[in-house]
Amino acid sequence: ARAENQRIDVEAALPDYDETAYSLSAGTVWTLSESYSTALNVTRSQRHPQSAELYANGPHLAIARFEIGAQDLAKETASTIDITLHRHGEHGLHWSLTAFYNDFDDYIFAAETGEENEELPVFAYSQAGAEFYGFEGELTFPVYEADGNVFEVRLASDYVRGRLKDGGNLPQIPPLRYGIELHYERGPMHFGIDSFWHENQDDVAAHERTTDGYTMLDADLSYRFALGASDLLLFLRGSNLLDEEARRHTSPLKEIAPLPGRSVHLGARAEF
């Protein structure tokens, strides 16, 4: 349980803010057998509007937009539930699957108005009833483990759908993502490679642009050894090895700044 008071005293001729938010959560885990368990979490939480959401009225140059606040914003209240089924054990297959649902009263968000001010797109803060639902899942299974060699494969996926209760989509909601990771270890050496596909995002809010899907391929190689009283880690990492033009739908700068192209990093880290 949590209670949080927020007070904002405004020197300008604007209304002050002084409210208390209350949150309560509970969770439990059932052990079904030596290998299986399930978890349930229920939460009712409240969030205060931030000062920028209340009083903004000007350019926000870090994310290249003109923001207009709403002085009458109320506390945001969310009721959430999630349930997880998990298979575990010292050896063999590991997997977990989580489904969740979030119900919001007075959800606060910034929506594009379609207008411009000072050559920047105008975003206005408002609030409305909204809901989020989706899932997260992962599966890890060993392929080979003997004589100090460990090779395993991990599959993972996640998805969230966000929309307004009275119809319409919420902005900056990530699309479906799924991928595969391969990990190999032999003593102090580790090698990993992973590839994740991000789907197109076509469920967009008013005035929001769609985002094309892309594949991210990354790899890393590292070796750890003792150096006196310290541990030294040498690593080589490659990111976006396919050199994709990738734009995150959750980024307010996706139209201006895509993710970095192909890059390779060589480094060392000492731990002592």
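**Entry 1**

I began with Asp-105, which forms a salt bridge with Lys-165, the closest N and O atoms being 3.6 Å apart. Asp-105 belongs to strand E7, while Lys-165 sits in the loop between strand E9 (149–164) and strand E10 (177–186), so this pair ties together parts that are 60 residues apart in sequence. I note that the model is a predicted one. I then looked up the accessibility of both partners. Asp-105 is partly exposed at 41% relative accessibility, and Lys-165 is partly exposed at 43%.

My next pair was Glu-131 and Arg-163, a salt bridge whose closest N and O atoms are 2.9 Å apart. Glu-131 is in strand E8 and Arg-163 in strand E9, so the bridge ties together parts that are 32 residues apart in sequence. Is Glu-131 buried or exposed? I found Glu-131 buried, with a relative accessible area of 14%, whereas Arg-163 is partly exposed at 32%.

I also recorded the salt bridge of Arg-154 with Glu-181, with 2.8 Å between the closest N and O atoms. Arg-154 lies in strand E9 and Glu-181 in strand E10, 27 residues apart, and the pair links distant parts of the chain. Glu-181 is buried because its relative accessible area, 15%, is under the 20% cut-off.

I then noted a network: Glu-112, Arg-209, Lys-254 and Glu-255 are joined by salt bridges that share partners. For the whole model, the count comes to 18 salt bridges.

**Entry 1: the largest pocket**

I turned to the largest pocket, which holds about 380 Å³ of space. Which residues are closest to its centre? Of the 23 lining residues, these are Glu-112, Phe-123, Arg-209, Pro-252 and Glu-255. Strand E7 (94–117) and strand E8 (120–146) are the elements that give two or more residues to the lining. By class, I listed 13 nonpolar, 4 polar and 6 charged residues in the lining.

Phe-191 is placed in strand E11 (residues 189–198) and is partly exposed, with a relative accessible area of 35%.

Last, I checked Asn-117, which lies in strand E7 and is partly exposed at 32% relative accessible area. Its C-alpha is 8.7 Å from that of Gly-58, although Asn-117 and Gly-58 are 59 residues apart in sequence.

Note on methods:
Residues numbered from 1 in each chain as written. Predicted model: local features only at pLDDT ≥ 70, side-chain atom pairs only at ≥ 80, totals over all residues. Heavy atoms only, no water. 1 Å grid on protein atoms, 1.4 Å probe; cavity = no way out; pocket = protein on both sides within 12 Å on 5 of 7 lines; lining within 4 Å. Points joined across faces, edges and corners; volume = space filled by probe spheres on them. Helix = DSSP H or I, 4+ residues; strand = E, 2+ residues; numbered from the N terminus. Nonpolar A, V, L, I, M, F, W, Y, C, P; charged D, E, K, R; others polar. Buried < 20%, exposed > 50% of the residue type's maximum accessible area, 1.4 Å probe, protein only. Salt bridge = Lys/Arg side-chain N within 4 Å of Asp/Glu carboxyl O.
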